[in-house]
Every structure is written in structure tokens, then in C-alpha cells.
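This report covers selected side-chain contacts, strands and helices of one structure. The sequence and coordinates come first.

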Amino acid sequence: MCCRAIIASLLILFSYCPLSAADDGPNFVFILVDDFGFMDIGANNPGTFYETPNIDRLASEGVLFTQGYAANPVCSPTRYSIMTGKYPSRVDATNFFSGERSGKFLPATLNNRMPLSDVTIAEQLRDNGYRTFFLGKWHLGPTPEFWPEHQGFDVNIGGHVRGLPKSYFSPYSNPRLSDGPKGEHLTHRLADEAIKLIEDSEDEKFLLYLSFYTVHTPLQAPKPLVEKYREKAALLTEQPEFGPEEQVWETDAERKVRIRQSHATYAAMVESLDQNVGRILDRLEELKLADDTVVVLFSDNGGLSTSEGSPTSNLPLRGGKGWVYEGGIREPMIIKWPEGNRPNPVCDVPVISVDFYPTILDLAGIEVPSEMVLDGVSLVPLLKGEPLPERDLFWHYPHYSNQGGFPGGAIRRGDYKLIERYEDGRTHLYHTRDDVSETTDIAADHPELVNDLRNRLHQWYKEVDAKFLRAKDGGEDPWTPDQE
């Protein structure tokens, strides 16, 4: 066969080879912050004590979701929901992995690992030609076979069993992160590693999943930044730092919730986070990758406001981490999609963390396998300024949180949110737009709506095989939905 014929044959052959998603799809940088409160960024709270110019810049360049929710008020379940697009109740991953605190009753049984049988978003992208990188906090399995390198990530820097660092300064004592020079700061180090991976991937499509350990405890930050905020806090007018909050545990101590943002170390942690987010955004610009990269910023649960130093205030949102009130589940959420025309840069449609998986697949041009169970929906219509069909959102937290939150579930429909308490089955109804602080229970005024929402919530429990509180040895039986 002559050379011309061979070339013609090859051209025909390659014309029938489909492009992989990585040939056409964008890069993805997913930034997950730990314990970051909705009111901790200027884009949501212009009066915040903290300084977040880089995160605010990202919000101005993308879509700011003002009602973006975590699937759970604590970390591991929400992380599971992002990785799989499913509600964590489907696999009993309903508390942070290892959290088994008891209260009046025993908590529901807890699965403390993300099953290897689940197809993660990293596996989906890797199988479609993407390089996949994980950095930071994992907390989705007790032993190495459940860590990022076995869940779809080509690279794992810092992800292991622990949900918090032993220290934010080197040495880190982390089996997946080498120690740096003495005094090196973990948040800066993870950003350094992320930038190196981006630089090494200029010519390849990638998913970079940067799961900062910050702003989780221990409360530690560079001293100059801490001093800056001590001076700033000293200028605040006199007002109480704490107020009363509901008490769940039997104790003589009154529970308090922080009602004023003024914690200097926490503020320094937030600024350090923001600086390093800015470094990553700037490097994407310098490498001319920004126009081909989707950037997401989210938090795994609400700000820590009722325990462990109570470093931030979520007001006017009630409660915080560990609570099914808005302060525990409504998160900072930004999606920057350069190809979107952003006709509505602020979106107030309620969305939830199970939506990230189908959204990323949609943006990458990857079809969801027909046999796959997903609880989320693609948010691409919202990024284009188009409507989403109305739907209910659900929460299921059958545990006593370390922060004092009660075991309970919730359903959100439109502006109404029904909360159900698992100890005794009591319900509360709030109008989230008129009463974002959830202080006025209007259940008695809307008995038919309460009944309808409760029935739908109980139906959903069955759909996801939800588990509930258990009796202690010789103790009384807790309420269950079967009693209704």
C-alpha cells in the first residue's frame, strides 16, 4: 500500500475515534474547607470580622449560592456525599467517622468507611482521562485501603484516617505528608503542593481536590496574623461574646453559643486560608488555565460555635457544627465556571452537597451510568441562569454531636423547613426566608403542611434505609418513625 493510501486510512480511522472527556472537558479545582461558617466570608457577610478578599473575588467571578447546604452537620458524611453524589444515610455513614457519643439513648449504628464499591467522582474522571489529585483531610476510612489512593486519586498528599492535624506547624506526624522545615504552616504547605501539581499538569486535564484541614481545631495560626486580629478585636465596641443555646446533655453547665465574631486565632486561620486560595487562583491565571478551569469552594459543615473554643459566630443562622439548624448545614458555596454566562451571579435556590457529583460529570461531558444511584442533580442549569425543577432536600443525623446538637432529621421544601427530633418525635416548622434564625415555630399554624412534610420525610427514611436511636441496656425505647 502506498504512503498516501496509508495516511488516508489512518485519517479515516482517527475520524471515528471518540474524544475522551479529558479532551473536551475543563479542569476542576475543588476547594473544601473544614468547619467554615456561612457568615465567615465577606461575600455572604459584608460585616464579617474576618478578611476574605480572595474568596470574595472568586464569588464575584462565579456564582455565589446563598442557600448551599451540606448533607450533614458534621464532616465525614458530607465528604461522602460529595465523593459519591449520594446521601450518607444509604451506607449508614451518618456521623464523623469514630463519633459514637451516647446521650439519653445510644446513637444509630455507624459505618466508619466509604465503601470501595462506591464509584467516586475521582474514579469517574480518572476513567475518562483526567489526572486526579487529593490534598489534605480525608477522614473517610480507618485504614490505608480506604484512603484516597484507593478511591480514584492518582496522588494523595496528606489524606489519612485523622479528621484534624496534630499540629498546623511542622512536624505534622502525617503518614501521607512529609514534614517540612520547623515552623512550616500546613495550610501554606498544602497550597504549595497544589500549585506544583497544577504546574506539572499544564498540558493535561486534571481534578485537584484540595481539602484544607483548616479551619478545624486545633486553633493555631501564624503569630503575626494572630496579633493583627487581637488588635482588631480590641477595637470592637463592648458587646457580649456568648449567648444561651439549647442544652441537650444532662449537665450543670449552661450551653453557650458564640454571638460575636472576635476570636483572633480563628480570624488568622481564615486569613491564612484566604491568602492561599488567592495564591492558587493567581497561579491558574498566570498559567493561562483559569479560562479552562472550574473552581468550587465549599465547607463540609457549619462554623464551630457551641464547643471546642466556639471560635466563630454564625448569626443570624442558629446553631453551628453538629446542629441541623441552619448554622450547622448552610455553607459558603461558590462555583466558577468560565464558560457560563453568569446572568444571575447570586443564586438563592436551595442546593445540597450531593449535587456536586452530577454537576461535575455534566460539566465534564460524562454521562451518568444508567445503573448508578445518584441523589443529586446537575446544577448546570442554575449556572446558566435557568431554573431547576422544585424538589425536597433531606437531612438525617441520628447522633449526639460533640457540639451539643440533638439527634434529628429535616426536610426543606421551598421556604419551609421541618425538623424532627429523634428522641421523642417532636417536630418544628420554620419559614427559612422570613425566619432564618429559626426562632419562631409555626407548626401549629400549618398542621396539613407539617403532616405532608413529615410523611415525605418518613418515606425518604425508607428509601435510604435510615437507622435511628437505640435503647440502652435496660432503658426505655426511643421514638422511631414506625410508631407514627
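## Charges over rings

In this predicted model, the charged end of Lys232 lies over the ring of Phe49, at 5.3 Å from the ring centre. A second case involves Arg421 and Phe406: the charged end of Arg421 sits over the Phe406 ring, 4.1 Å from its centre.

## Aromatic pairs

A pair of aromatic rings is described by two quantities, the distance of the centres and the angle of the planes. The count of aromatic pairs comes to 26. In one of them, Tyr69 and Trp395, the ring centres are 5.1 Å apart and the planes stand at 70 degrees; the pair is therefore edge-to-face, since the cut-off for that class is over 60 degrees. This pair links distant parts of the chain, with Tyr69 in strand β3 (residues 68-69) and Trp395 in strand β14 (residues 393-397), 326 residues apart. Tyr69 is buried, with a relative accessible area of 0%, and Trp395 is buried at 1%.

Phe134 and Tyr209 have ring centres 5.7 Å apart and planes at 20 degrees, so this pair is stacked. Phe134 belongs to strand β4 (residues 131-136) and Tyr209 to strand β6, so the pair ties together parts of the chain that are 75 residues apart in sequence. Phe134 has a relative accessible area of 0% and is buried; Tyr209 counts as buried at 3% relative accessibility. Both residues also belong to a cluster linked by ring pairs, made up of Phe30, Phe134, Trp138, Phe153, Tyr209, Phe298 and Phe356.

## The eight-stranded sheet

Strands β4 and β6 are part of an open sheet of eight strands with mixed pairing, in the order β5-β4-β6-β1-β9-β11-β2-β12. The edges are β5 (155-157) and β12 (346-347); each has a single partner strand, so one side of each is left without a neighbour in the sheet. Within the sheet, β9 (residues 293-299) and β11 (residues 334-336) run antiparallel and are joined by three bridges. Val296 has Ile335 in β11 as its bridge partner.

Two helices lie across strands of this sheet. Helix α3 (residues 53-61) lies across β2 (63-65), β9 and β11, and runs at about 60 degrees to β11. Helix α8 (residues 264-286) lies across β1 (27-33), β6 (206-211), β9 and β11, and runs at about 170 degrees to β9.

## Strands β15 to β17

Strand β16 (residues 416-421) is mostly covered, with five of its six residues buried. β16 pairs antiparallel with β15 (residues 408-413) through six bridges, and antiparallel with β17 (residues 427-431) through five bridges. Leu418 of β16 stands opposite Ile411 and also opposite Leu429 in β17. Arg421, whose charged end sits over the ring of Phe406, falls within the residue range of β16.

Both pairings are hairpins. β15 and β16 have two residues between them, and Gly414 in that turn has a positive phi of about 60 degrees. Between β16 and β17 there are five residues, and Gly425 in the turn has a positive phi of about 80 degrees.

## Helix α10

How many residues of helix α10 are buried? Helix α10 (residues 356-364) is mostly covered, with eight of its nine residues buried. These are Phe356, Tyr357, Pro358, Thr359, Ile360, Leu361, Leu363 and Ala364. Phe356 is also one of the residues in the aromatic cluster. The helix is followed by Gly365, which has a positive phi near 75 degrees.

Is Glu193 buried or exposed? Glu193, in helix α6 (residues 186-199), has a relative accessible area of 15% and is buried, because the cut-off is under 20%. Leaving aside residues up to four places away in sequence, Glu193 touches Leu135 and Ile157.

Cys75 counts as buried at 3% relative accessibility, and Cys347 counts as buried at 7%. A search of the whole structure for disulfides finds zero.

How values were computed: Residues are numbered from 1 along each chain as its sequence is written. Side-chain values use heavy atoms; hydrogens and water are left out. Buried means under 20% relative accessible area, exposed over 50%, partly exposed in between (1.4 Å probe, protein chains only). Helices (H or I, at least four residues) and strands (E, at least two) are DSSP runs, numbered from the N terminus. Two strands pair if DSSP finds at least two bridges between them. Contact means heavy atoms within 4.5 Å. Axes are lines fitted to C-alpha atoms, for helices over the stretch in contact, and angles run from 0 to 180 degrees between N-to-C directions. Rings of Phe, Tyr and Trp (its six-membered ring) pair if their centres lie within 6.5 Å; planes under 30 degrees apart count as stacked, over 60 as edge-to-face and the rest as tilted. A charge sits over a ring if NZ of Lys or CZ of Arg is within 6 Å of the ring centre and within 35 degrees of the ring normal. A disulfide is a pair of cysteine sulfur atoms within 2.5 Å.
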